[in-house]
Each structure stands twice: as C-alpha cells, then as structure tokens.
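Please read this briefing alongside the sequence and the coordinates.

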Amino acid sequence: MVTVDVKLHQVRAERDLPRPRLVIGGKDVTDGSGGVYEHRNPSTGLIQAYVPLAGATEVDRAVAAARGAFEVWGRMRPAERRRLLTRFAGLIRDHIEDFAAICPLENGVCIGGWAENVGPHVAEWTEYYAGWADKIEGMVGAAYSPHENVEYTIAEPYGVIGHIITWNSPALSLAMKVPPSLAAGNTVVIKPAESTPFSALLFADLAHEAGIPEGVINVVTGLGDAGEALVSHPGIDKISFTGGPATARRIMATAAQSLKPVLFELGGKSANLLFADTDLDAVVPYCAAFAMSNTGQGCALPTRLLVERPIYEEVVQRVTGVVAHLPVGDPLNPATYIGPLINATARDRVQSVIDKAVSGGAGRLVLGGERIHSEGYFVTPTVFADVDNRSDLAQQEVFGPVLAITPFDTEDEAVALANDTEYGLSAYIQSRDIGRVNRLVPRLKAGTVYVNPGPNPITSPTTPFGGVGISGFGREGGRAGLDEFINVKGVGVGRA
C-alpha cells in the first residue's frame with residue numbers, strides 16, 4: 001500500500017511550481033495555439049496545473065526572437081558571455097533547493113535521492129561551460145613558403161539551436177545542452193515535454209535575472225506538432241534531442257529535407273558486468289539500487305546485470321534483498337527511494353512488460369511483479385533472474401523499476417551478452433582485475449564504460465556522454481559537447 005499526503009502535494013504545488021507559461025523573446029505567453037495540457041501530479045493522479053501549449057505560431061515567434069537575439073549574443077565579446085554565464089551559474093547554485101522542490105511535483109522524482117542532486121549538477125554543468133566561452137580558438141596552418149597563402153580557421157556558432165528536452169530528468173537535460181550552446185555563441189529555442197515544463201521555466205527565469213539578453217533562451221512547451229514545427233523550421237540551424245529511437249527517426253526524416261544536423265541521445269539497455277573478484281558487500285548494493293534510481297527512468301541505468309557463474313546465486317539473493325528493502329512511496333518523503341512513474345501510460349506500459357515477461361517465461365521472477373493499487377502511478381520494484389538475453393525483457397528499454405539478471409561463464413560470453421542489443425549508450429564493469437578491465441573496455445559496444453563507478457557516475461560535465469547504435473550519435477559533456485555547437489570555417493588569404 002502506497003500512502004501519499006495529497007494535501008501536502010497541493011500546498012507544495014501552489015508554492016513551488018513556476019507559473020505555467022511560454023517564454024518568447026523574454027516575454028511571458030500564457031495562451032498557446034496548441035491548447036492546454038492538464039498536468040497531473042504523478043503521486044496523486046490529480047490535476048495540479050494547466051500548461052499552455054505552443055503550436056507552430058509560437059514556435060515561429062520563438063525562432064524569430066532567437067534569430068534577433070543572435071545578432072547580439074553571437075557578436076558579444078566572449079569574455080562578456082563568460083561573465084554572464086558565470087553569473088547565471090551562480091544564481092542556479094543559489095536556487096538548488098528550488099530545482100529539488102520542483103522534481104517530485106513535476107515528474108515524481110524522490111526528494112531524498114535524485115532530486116536533491118539535480119540543482120548541483122545543473123550548476124556544475126553551467127559553470128563548466130561558462131569557463132569555455134572565452135577559450136574557443138581557431139588554428140593557423142603552416143604555409144609552405146612565405147609566398148603562399150596563409151590558412152587559418154574560425155570557430156563560429158551555428159546560429160539558433162532547437163533543443164527538445166527529455167521528461168525523465170528535464171533540468172539535467174537542459175544543463176547538458178543549453179550552456180554549451182550559449183558558450184559557443186548560439187541562441188536557443190527549448191521545447192520541454194508537456195509533462196515537465198517547470199524546470200525549464202525556472203532555468204529561463206534565472207537566465208533572465210543573470211542579465212542574459214531577451215530572446216537568447218526561449219521556452220515553447222508543446223506536443224509533437226510543436227516539435228515538428230521546430231525541427232522543420234528554416235530558422236533552426238541544428239537540433240539536439242534526447243528521447244526514444246522512434247521519435248528520433250521522425251526527427252531525422254524531417255531534418256533530412258534540409259540536411260539539418262542533429263544530435264541524438266536515445267536511451268539504452270546498459271549491461272553491468274559483475275565478476276567474482278569483486279567485494280560483494282560494496283558492489284551489490286550499488287548494482288541493485290542504482291538500477292532502480294529515478295524509479296528506473298534513466299537512459300544509462302545498469303538495468304541488465306550480468307553475473308559470473310560462481311557467484312551468481314549469491315548475487316541474485318543479495319540483489320533481491322537490497323531491492324526488497326528500497327522504500328517505495330511518496331517522493332516528498334525524504335526516506336523514499338522509489339517514487340511513481342511519470343504518468344498512467346508509463347505505469348500501464350511497464351506493468352505490461354512485467355506481465356508479458358512472466359507469462360512468456362523471459363526469466364524467473366524473484367521479486368515484485370504484482371500491481372500496486374493507488375491513485376498515483378506506482379509500479380512494484382521487480383527483479384528477474386535467469387533472463388533470456390533474446391527476450392524483450394533483455395533487449396528493450398523498460399524505463400521502469402525492473403532489473404534483469406543473467407549468468408555468464410567467461411569474459412567472451414559476458415561481452416557477447418552485453419553487446420547483443422541494438423543499444424549502445426553505457427556499459428559497466430565491476431572487477432578488481434585491471435588486466436581484465438583493459439581487455440574488456442575496448443570490446444564493449446557503448447559510448448561510455450564505467451569501471452567500478454561511484455554512486456552517480458553518469459553526469460560529469462567534463463566527460464563526453466552519448467551512444468552508438470540506436471542510442472544515438474553526438475556527445476554531451478567535455479570539449480566534445482562544446483564542439484557539437486561550433487561550425488569551423490576555413491580561411492585562405494593570398495598575397496594582395
């Protein structure tokens with residue numbers, strides 16, 4: 001039985017959620033041609049806000065505002081951009097608690113776990129890219145003789161970037177995309193998901209307070225038609241999207257009409273290779289709990305646990321014990337680890353995946369599986385052992401609190417199991433044998449490999465993050481994440 005204090009949620013929503021609106025050219029827009037979205041609290045199922053939705057009209061206005069602002073922001077001295085972005089990052093750090101307060105109400109993220117880390121991560125990413133703003137350089141080529149051309153390059157912004165933000169961690173998605181865009185001199189049009197507009201509104205408000213010019217950051221919350229209008233708009237120079245492969249294919253088809261470049265981060269089915277030489281007391285709690293972080297709604301979470309045969313049964317037993325004791329309930333309760341899913345559709349879909357895995361014999365159900373009867377969108381944390389790696393349970397991203405465990409006998413088998421999926425976002429290795437680690441890292445089909453990682457290894461701004469296969473292409477984080485938003489122009493100067 002899940003207990004939620006409905007009255008507390010209503011009071012918090014009135015106090016903590018930014019006023020629903022669009023932000024276009026620095027102005028608040030409270031009516032959108034895309035209609036109105038009834039935002040429901042994931043914990044209670046009750047309407048807590050009415051969100052105006054952008055249509056093609058508002059997207060067009062936002063792009064025009066961004067193009068106008070680009071004439072100011074793109075021409076600004078890089079040191080001045082750095083100063084404004086640094087001030088922006090400082091304001092984010094001052095409002096860490098506000099970002100945390102939004103999370104449980106916006107998408108059900110638990111206040112005592114994931115939510116309290118959101119604000120610091122947003123500040124850290126913004127600080128990191130603020131520092132890059134005046135360090136973007138071109139190159140000068142060596143002439144073959146004094147009588148030949150001088151050749152050099154100029155690093156230029158694209159212009160206006162369209163950012164389509166994921167709903168499962170919207171503030172972090174903003175931080176991974178927008179600061180590098182701005183540091184490079186671009187302006188942006190942000191389309192949050194209709195279910196998670198509030199983090200983007202706080203983000204835009206703080207940018208305005210920092211003195212970032214009007215129109216540099218625009219927010220047009222909307223449905224698929226707003227996304228289509230953004231992708232197809234001739235005033236958008238590049239699209240950055242985080243979401244699922246099906247939507248990415250539609251975006252890519254539309255962008256192909258004008259050969260518009262795209263950056264995709266599209267989720268994963270990440271394998272976690274656990275070898276017998278590890279300290280199980282330290283490693284098993286991490287492997288079990290991290291897979292359930294954010295109620296399993298994370299693109300790079302290690303949701304497939306591959307375990308070396310000699311320790312397999314012990315690990316299954318230990319993992320089951322850890323997951324069974326993770327508190328499920330109200331995300332406003334600091335003790336809760338697993339909250340609700342984002343909406344009723346997600347709850348029903350995840351429960352259907354569990355039911356199908358049980359009825360189809362995809363694995364041995366060792367924990368959970370039963371339905372939670374609640375007004376909110378809760379699913380029981382579920383663990384399957386002996387999972388068939390060819391099954392949908394092992395191959396498809398569940399995006400819920402479901403962990404699949406499979407045994408292996410050799411390194412070669414572990415690699416084959418890990419790579420036997422169309423996804424390739426992240427992989428994990430738990431081993432104290434550095435020789436083994438060095439052998440396996442280059443063999444794993446993943447954009448990032450985490451070795452004996454800490455509690456939350458995914459979101460460092462200094463490390464490029466992205467995938468291969470249907471997990472997408474392009475990188476967010478590090479210098480590579482900055483380069484995604486830079487055009488390099490070559491220049492050759494002959495003798496006058």
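Predicted model: local features only at pLDDT ≥ 70, side-chain atom pairs only at ≥ 80, totals over all residues.

Residues are numbered from 1 along each chain as its sequence is written, and side-chain values use heavy atoms, with hydrogens and water left out.

**Helix α2**

- Helix α2 spans residues 56-73, which makes 18 residues; helices here are DSSP runs of H or I with at least four residues, strands are runs of E with at least two, and both are numbered from the N terminus.
- From its first C-alpha to its last, α2 reaches 25 Å, close to the 26 Å expected at 1.5 Å a residue, where the expected span is 1.5 Å times one less than the number of residues.
- The buried residues of α2 are E58, V59, A62, V63, A65, A66, A69, F70 and W73, with buried meaning under 20% relative accessible area, exposed over 50% and partly exposed in between (1.4 Å probe, protein chains only).
- These residues lie on the same side of α2, because they cover an arc of only 165° around the axis, the arc being that of the directions from the helix axis to the C-beta atoms.
- An α-helix has 3.6 residues a turn, so residues three or four places apart point the same way.

**Positive phi in a loop**

- N294, in the loop between α10 (280-291) and β13 (304-308), has a phi near 55°, a positive value in a residue other than glycine, and is buried at 7% relative accessible area.
- T295 is found in the loop between α10 and β13; its phi is near 55°, again positive in a residue other than glycine, and its relative accessibility of 3% counts as buried.

**Salt bridges**

- The count comes to 29 salt bridges, each defined as a side-chain nitrogen of Lys or Arg within 4 Å of a carboxyl oxygen of Asp or Glu.
- D16 and R15 form a salt bridge with their closest N and O atoms 2.8 Å apart; D16 is buried at 17% relative accessible area, whereas R15 is exposed at 56%.
- D28 pairs with R19 in a salt bridge at 2.9 Å between the closest N and O atoms, and D28 is partly exposed at 41%, as is R19 at 45%.
- A network of salt bridges links R19, R21, D28 and D205.
- R40 and E38 meet through their side chains in a salt bridge of 3.6 Å, N to O, with R40 partly exposed at 35% and E38 partly exposed at 38%.
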